Amino acid sequence: MRCGRARIWRARRAALAFLLALPALAHAAETPAPGPPAEPLVVDLAAEGRQVGKPGGEIVTLVAKPRDIRYISTYAYTRLVGYDTRLALKPDLLLRVENEDDRVYTFTLRAGHRWSDGHPFTAEDFRYWWEDIALNKELSPSGPPEFMMVEGRLPRFEVLDPQHVRFTWERPNPRFLPELASPRDPFIYRPAHYLKRFHPRYAPKTDLDAAAKAQKVKNWAALHNRLDAMFEQTNPDLPTLQPWRVTNTAPAARFVFVRNPHYHRVDPQGQQLPYIDRVLMDTAAASLFAAKANAGETDLLFRGLTMEDIPILREGERAKGYRTRLWPTARGSEIALYPNLTTTDPVWRALNRDPRYRRALSLAIDRRTLNNALLFGLGTEGNDTVVESSPLFRPEYRTLNAGYDPDEASRLLDAVGLAQRNGAGIRLLPDGRELEIVVETDGESNLLTDGLTLIAEFWREVGVKLFVKPQDRTVLRNRSYAGLTVMVAAQGLDLAMPTAEMPPDELAPVHQDTYAWPKWGQYVETKGKEGEACDIPAARALIDLNARWMATADTAEQARIWGEMLLNRAEHQWVIGTVAGALQPIVGKAGLTNLPDKAIYSWKPTAMIGIYRIDQFFWTPERKREAATRDPLR
């Protein structure tokens, strides 16, 4: 079956050959010699306590399914601008960024910078994305990304010359640069020289129609979108600016990424990065990740490992020559409970919207027991909020309404109108049903399901039943968006280590993918076409505060707004946090140098290990020789 699919893919690629060879758009006859730009980014290894490396070798890691290879662009973390380890925004692919009051952004590209295929990276690549993709209704039916809009208006885009582009908004757009530095790169540029071959503005439509038919897609736009796989990494022909480029496609047991010969970063001695020649991603069942690491079958592994894996990972360290580093995670809560304030059931909607009810559920949770049982007592108990390493942290954000007080919880539940109980001691809803909360989850985390089992015991002591309903994540999200969930259990804040300059929109009901208020988020995202308008003043205040943050370039004002929003979150318990501070295992083979011993792990803003610069990792000479002797087909 796999061989058959591979033949089909090869046939489809062959059907595009005539487009790839269009004379007017063909590559130059001679490929430029490999090398960094004339103005490379010289990394300061000494400032991070790192060593100058030696090029060569490979890294083997694991992915649970072929689609997961896309995350290489997250943890390779090459951006127009990106965060350093101190969470300061710095130019990366860009040589320079000039910012005038968060309204006018002028980008200067690096002289001599080239795509992985040797073609120059210029202002034309930004223009192509803006005019021919973002503003093209067939390629982008919803228009440009939402972060490009300010009060419903798009910026004025200008190509100043081949090395300079400018975006100008009438009002401040302070989230522009943070979005460019996000874990999922929005890629506001494209390899125009490659993609123009699949766009009717530049290629004959009859040829495009034939190519779309050969690829068994609906039209030229579907063809273009399939080949424009900047994040998905499914098109080996697509040029990249990342440190490595993919060379093969699914189906495959191993995905091979090779170094970009025109990468823009160099070390202090002028050696071009990345040091590592190849990244090999082997597919394996997620349940086997820890066992495979224990057996020495991986050089670097983090995504897919959890605290539960630490014992088995520790067992294999000496025999298989690796170390398991334990990095604290920056997440608001490992288990967060989201009462759905926009659920369609009128009885549950009224309860979920009552702050006394939400506080009662919070006070009925014995977080100390959760901490000891799930995180070996190493976690931080309290609300779903920012972590202590954030400059915005205040202790009350974590502790307010987050103690263990079952007597007060019972008093609040009585006051809400839930005083009546059945013979088993379970409280009754106003319509006579048992107070049984169906908590829906994606079922992917044992820590989550184990934690809910304990929470069920705590809540039963105050007369509340809990029923856990695991399901596929896509199904869960769709049920939430439709208002069918009463409560969801998931991880807490992704952006739990923010600075004032990072957007606080995760705290406000402005996105439908927040389980606490999906219909309010729909209403904001669709500009009132779908969902419901937020009708609770305290929640509406979060929308207004978020809008204030978006409208100011004053960092002190941004910090004040963050503070108001975080206090509002703690006071109203929109989300019920439990314990934070799980440890993330980071497995690295002996000899893999510049992998930090201590760091903080998160999706946002660290991009998993992204800000720690995997392109600077290298093997000691003896370990590189060992890597080079490996069977490349293993």
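Accessible areas come from the Shrake-Rupley method with a 1.4 Å probe, and for residues only the protein chains shown count as cover. With that, I looked up the surface of the chain: about 26100 Å², with 52% belonging to carbon and sulfur atoms.

I noted that this is a predicted model, where local features need pLDDT of at least 70, side-chain atom pairs count only at pLDDT 80 or more, and totals for chains, interfaces and linings use all residues. Residues are numbered from 1 along each chain as its sequence is written, and side-chain values use heavy atoms, leaving out hydrogens and water.

Overall form came next. I found 22 helices and 24 strands in the chain (DSSP runs numbered from the N terminus: helices are H or I, at least four residues; strands are E, at least two). The C-alpha trace spans about 85 × 60 × 55 Å along its principal axes.

Then I checked burial. Of the 634 residues, 55% count as buried (under 20% relative accessible area; exposed is over 50%, partly exposed in between; 1.4 Å probe, protein chains only).

I turned to one residue, Arg-127. It lies in helix α4, residues 123–134. Is Arg-127 buried or exposed? Arg-127 is buried, because its relative accessible area is 11%.

I listed its contacts (heavy atoms within 4.5 Å). Leaving aside neighbours within four places in sequence, Arg-127 touches Asp-132, Phe-157, Val-159, Lys-196, Arg-201 and Tyr-202. With Asp-132, the contact is also polar, side chain to side chain, at 3.0 Å (a pair of N or O atoms within 3.5 Å; within protein, one must be able to donate a hydrogen and the other to accept it, and residues adjacent in sequence count only if both atoms are side-chain atoms).
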